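The sequence and structure come first.

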Amino acid sequence: MHSKPRVLVYVREYFKQVYIPMFGSLPKVDVVYATDFPTVGMLNIRDSFNRFLKHPPALQFTDLDENDIIARCRLLRNLDSMLARRMLRAMQGTIEEIIDGSHHMVFGQMVDDYITHLMALVAQKRGIRYFGLCGSYFSGCTHVTVGSDGTPAIVRAVSRDEAQKRLLKISTANFRQNYLQPTTHDFFGHAKRVLRYHAKLIAFPLLKFYRRDPLNYHYMVQPFVGQPKSLTNFIDNRPFHSDWQMQIEKSQDPLVYIPLGYTPEATTDYWIKDTSWIDYEKKIIELATFLSKDFKVVIKEHVHMLGIRDKRFYRELLNIENVISVPPPVNSNHLLQTYQPTLLIGGGSAGVEATIRGISIVSYCASSYWAKSSGALQITEDLYQNLPMVLNNARPAKVDHVNFLSDCLVTTFSFDYLQGSPLDAANESEVMGFIDLEYQRLTA
């Protein structure tokens with residue numbers, strides 16, 4: 001029995017400057033680091049993974065749903081199925097060796113690939129929990145999930161005063177949370193991102209060879225990450241309706257608003273139970289076509305997805321009668337507040353914005369941090385049987401907005417872990433309070 005919590009921290013190479021200062025600030029915790037890349041003082045996933053590729057492991061946990069793990073990983077689902085399964089099993093064997101029963105909890109990035117997915121599943125089989133960290137909708141905070149499906153962890157207590165201040169900040173019609181990414185989209189910026197992508201395609205094969213790591217996830221996944229890949233895919237305003245406001249105001253049909261998500265991303269690949277959403281553009285076209293028979297369907301592209309999705313997707317949307325394609329720079333909060341549509345959404349942050357503006361919400365992602373407290377109507381996987389009725393019956397939930405934001409904020413640390421600096425005394429106390437509670441739960 002350890003006298004203090006023993007925590008395994010999974011560190012991708014590009015997050016070393018984030019996790020080491022953070023967890024190194026916790027002297028009351030035994031921290032063990034694991035990484036994909038060779039690093040002195042850390043458990044090396046690479047060598048075990050490559051060993052198991054040559055000599056497949058006798059896996060302890062044979063009841064994992066391999067098809068689901070492959071389908072949700074943006075890399076494995078794009079590989080030859082036999083190679084994907086070999087990689088999955090080699091990584092499972094590696095993780096079973098690392099999560100060996102001596103740890104009380106595991107921390108890493110929010111589950112967004114087959115490695116973190118397996119870590120969460122193997123940890124669960126061991127009776128411990130995987131906590132994922134990611135940027136928060138609330139500026140200056142760190143969102144924490146537990147397990148693989150985006151379930152929010154309850155991290156801390158939140159005062160009503162803190163929630164009230166957050167409410168005042170995000171409730172204005174022109175508020176936009178940009179996650180520190182640019183909202184402008186011009187050809188020069190697009191070209192820079194395309195060139196950076198092609199530079200990776202040149203450099204990463206060389207790094208794979210130099211580091212003797214041919215199946216390293218980070219080096220292989222680049223073609224399947226949401227990033228501009230072609231100069232010819234630059235998007236201007238032509239694929240969107242310039243008269244979108246007039247179309248909304250003239251419509252006699254009930255309004256349904258679908259803000260598009262950034263994809264591929266964990267909120268689509270892992271948070272939504274129905275894996276058909278993974279083929280996101282196809283699902284949106286099918287859904288818009290189906291709903292347009294009874295509703296005026298308002299769709300707005302995510303401003304950070306411009307130049308990433310294929311242009312054909314936008315042309316298909318324009319060809320669907322009774323569907324309005326709103327230009328991405330339009331502020332989603334302004335649209336919600338002005339036209340009061342019913343919001344149809346997965347796990348995106350527009351669910352927060354709609355709740356505090358008294359908008360009806362229908363959600364197909366029950367595990368989002370805001371879903372339960374928002375009063376959103378949840379729909380089953382059989383969208384085409386139940387969805388029109390659910391949308392027609394949706395009404396704004398009667399929720400106290402301050403209490404709602406408190407329920408959202410309790411799933412966050414009150415600091416931004418991406419700052420990459422040691423924790424101050426208050427933040428150290430906050431993280432230790434969370435770790436101690438989990439440790440007590442396990443050792444009681």
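Arg51 and Glu97 form a salt bridge, with 3.1 Å between the closest N and O atoms; the term stands for a side-chain nitrogen of Lys or Arg within 4 Å of a carboxyl oxygen of Asp or Glu. This pair links distant parts of the chain, Arg51 being in helix α2 (residues 45–54) and Glu97 in helix α4, 46 residues apart. Helices (H or I, at least four residues) and strands (E, at least two) are DSSP runs, numbered from the N terminus.

The model is predicted: local features need pLDDT of at least 70 and side-chain atom pairs count only at pLDDT 80 or more, while totals for chains, interfaces and linings use all residues. Residues are numbered from 1 along each chain as its sequence is written, and side-chain values use heavy atoms, with hydrogens and water left out.

The whole structure holds 22 salt bridges. Among them is that of Arg160 with Asp400, whose closest N and O atoms are 3.6 Å apart. Arg12, Asp112 and Asp113 are linked in a network of salt bridges.

The table gives the accessibility of residues from the pairs discussed here. Buried means under 20% relative accessible area, exposed over 50%, and partly exposed in between (1.4 Å probe, protein chains only).

| Residue | Relative accessible area | Class |
|---|---|---|
| Arg51 | 38% | partly exposed |
| Glu97 | 41% | partly exposed |
| Arg160 | 45% | partly exposed |
| Asp400 | 36% | partly exposed |
| Arg309 | 3% | buried |
| Glu301 | 2% | buried |

Arg309 is found in the loop between β8 (296–300) and α12 (311–318). The side chains of Arg309 and Glu301 meet in a salt bridge of 2.7 Å, N to O. Beyond its neighbours within four places in sequence, Arg309 is in contact (heavy atoms within 4.5 Å) with residues including Asn233, Leu260, Tyr280 and Tyr314.

Helix α4 (residues 81–98), which carries Glu97, has 18 residues and reaches 26 Å from its first C-alpha to its last. That is close to the expected 26 Å, the expected span being 1.5 Å times one less than the number of residues. Asp80 caps the N-terminal end of α4, with a side-chain oxygen 3.1 Å from the backbone nitrogen of Met82. Buried residues of α4 include Ala84, Met87, Leu88 and Ile98.

Glu286 is in helix α11 (residues 280–291) and counts as partly exposed at 35% relative accessibility.

Terms used:
A polar contact is a pair of N or O atoms within 3.5 Å; within protein, one must be able to donate a hydrogen and the other to accept it, and residues adjacent in sequence count only if both atoms are side-chain atoms.
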